[in-house]
Amino acid sequence: MNILNNFSLKKYNTFGIEAKAKQFVAVKTTEELKTIVKENLAKPKFILGGGSNMLLTQDIEALVIHIDLKGKKVVKEDNDFVWVESMAGENWHEFVLWTINQNFGGLENMSLIPGNVGTTPVQNIGAYGTEIKDTFASCEAMNIATQEMKTFTKEACHFGYRESIFKHEVKDQYIITSVVFKLTKSNHKINTSYGDITKELDKQNVITPTLKDISNAVIAIRQSKLPDPAALGNSGSFFKNPIISKVDFDKIHALHPEMPHYVVSATEVKVPAGWLIERAGFKGKRFGDAGIHKNQALVLVNYGNATGQEILNVSKDIQDTILKEFGIAIEAEVNVI
Ligand code: EPU
C-alpha cells in the first residue's frame with residue numbers, strides 16, 4: 001500500500017473536478033483497510049468510493065482512503081431466493097449485469113446507476129420504482145475508531161428516500177466493506193410501475209419482459225436523459241425531489257395545475273425538482289463550464305474545466321430562484337465537500 005502525496009482526484013470523481021488529496025491510498029483488502037486506518041488514527045480521513053455522488057469544491061486536507069475491495073459471490077440460497085454478496089469496490093452497474101446474467105432478480109430497475117456497491121446503502125439509491133432497501137439483506141462495515149467489523153441488518157439501516165443511518169446516526173463512524181442482497185431465483189417481481197418503462201417496452205414490442213428486457217429498457221431511458229459521466233462530468237441528480245406539505249402543495253398546484261406530483265402520505269406530496277428547475281428556465285443553460293443538462297434539469301454538468309465552486313454557485317442560484325418563484329426549498333442530493 002502506497003500513500004501518495006498531493007494526489008489529483010480528477011479521475012476519482014464523476015464530475016471530473018480538479019482537486020487534490022493531501023494524501024491518497026487505495027486499499028484492496030479489508031485487512032489493508034484495517035491496517036491503514038489503525039496506523040493513521042489521529043489523522044483526518046476521507047473515505048472515497050466511486051466518487052459519483054460528491055462535488056469537490058476544495059482540496060481535501062486529509063488522508064483519502066479509496067475503497068477498492070473487489071469480489072462478488074453467492075453466499076446462501078434456498079428454493080426461491082439467493083443471497084449475493086458484493087465487496088464495496090465493485091462497480092454497481094457491472095454487479096447488476098452480473099446478477100441479471102445469472103437470472104437473479106431485483107436489481108434490474110437500477111441498471112446503469114453510476115458508483116460503487118459500497119456506497120449504495122448510504123443514500124438508499126433508487127430508480128424507476130425500486131430502491132436498494134427492497135433487496136438489501138445486510139452490509140458489513142468497519143468501525144473507524146476500533147477497526148471492528150459490524151453487520152447492519154436492513155432494519156438497522158433506517159432506510160428512507162435517499163436516506164440511511166450512515167448519513168445520520170453513525171455518520172463518518174463506519175466504512176462499508178461489503179453488501180448482501182436477497183434476490184429472486186424465479187417468479188421474479190417484474191416492476192413496470194414506472195410509466196417510462198412501459199413506454200420503452202412498448203416501443204421495443206416486449207410483452208412479457210425478462211430481467212434483461214427491464215434492464216435494457218432502463219439503460220435506454222437513462223441514456224436518453226442522463227449524460228454519461230465518462231463523456232460529460234456529472235453526479236446524477238444534483239438535488240433531491242422536495243417533499244412538501246399538502247397545504248403548501250395545494251396553494252402551488254392551484255397556480256400550476258400541470259405540475260407533476262406524487263402523494264407521499266395524507267399530509268405530504270413529493271414534487272419533481274427537475275420540473276421546477278425547467279419551469280424556472282434553467283434547463284440546458286450554461287454558465288462558463290458549469291451547466292444544467294439539456295435533457296434532465298435535475299443534473300448539473302461540468303463541460304470541462306468548471307471548478308466545484310462554480311457548480312456550487314449555479315446550484316445556489318437554482319435554489320434561490322425556486323424558493324422565490326415557488327416557495328419551495330430544494331436540497332442538494334450530492335455531498336458538497
Ligand atoms: N421533469 C421535467 N423536467 C426535467 C426533468 C424532469 O419536467 O428536466 C419531470 C418529468 O417530466 C417527470 C418528473 O419530472 O414528470 C420526474 O422526472 P423523472 O421521471 O425523469 O425522474 P426524476 O424525479 O427527475 C428521479 C431520481 C433519479 C431516477 C429517476 C427515475 C431523485 C432525486 N432522482 O428523478 O435518480 O433515475 O427518478 O426513477 O429522486 C440519481 O439519483 O442520480 C438519479 C438519476
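Predicted model: local features only at pLDDT ≥ 70, side-chain atom pairs only at ≥ 80, totals over all residues.

Where does the ligand lie? Domain 2, residues 72–225, and domain 3, residues 233–336, both give residues to the shell, so the ligand lies between them.

There are 23 residues around the ligand, and those that come nearest are Tyr 128, Tyr 161, Tyr 194, Ser 237 and Glu 278. By type, the shell divides into 11 nonpolar, five polar and seven charged residues.

Now the polar side chains. Tyr 161 has a side-chain N or O atom 2.7 Å from an oxygen atom of the ligand. For Arg 162, a polar side-chain atom lies 2.8 Å from a ligand oxygen. For Arg 222, the corresponding distance to an oxygen atom of the ligand is 3.4 Å. How much of the ligand's accessible area does the protein cover? On its own the ligand has 810 Å², and the protein covers 83% of that.

Which elements give two or more residues to the shell? They are helix H4 at 211–225, strand E13 at 233–237 and helix H6 at 273–279. H6 gives the most, with three residues.

Next, helix H3, residues 195–203. Its buried residues include Asp 196, Ile 197, Glu 200 and Leu 201. Looking down the axis of H3, the buried residues fall within an arc of 130°, so they line one face of the helix. In general, an α-helix has 3.6 residues a turn, so residues three or four places apart point the same way. On the face of H3 turned away from the buried side are the exposed residues Lys 199, Asp 202 and Lys 203.

On to strand E12, residues 174–184, which contains Thr 184. Thr 184 is buried, at 11% relative accessible area, and its side chain makes a polar contact of 2.8 Å with the side chain of His 188.

Last, two backbone angles. Most residues other than glycine have a negative phi. Gln 147 has a positive phi, near 60°, and sits in the loop between strands E10 and E11. Asn 187 also has a positive phi, about 45°, and is in the loop between E12 and H3. Buried or exposed? For Gln 147, relative accessibility is 11%, which counts as buried. Asn 187, at 70%, counts as exposed.

Note on methods
Residues numbered from 1 in each chain as written. Heavy atoms only, no water. Near = heavy atom within 4 Å. Polar contact = N/O pair within 3.5 Å; in protein donor to acceptor, adjacent residues only side chain to side chain. Areas by Shrake-Rupley, 256 points an atom, 1.4 Å probe, with all protein chains shown as cover. Helix = DSSP H or I, 4+ residues; strand = E, 2+ residues; numbered from the N terminus. Nonpolar A, V, L, I, M, F, W, Y, C, P; charged D, E, K, R; others polar. Domains from an automatic or database assignment. Buried < 20%, exposed > 50% of the residue type's maximum accessible area, 1.4 Å probe, protein only. Arc of directions from axis to C-beta.
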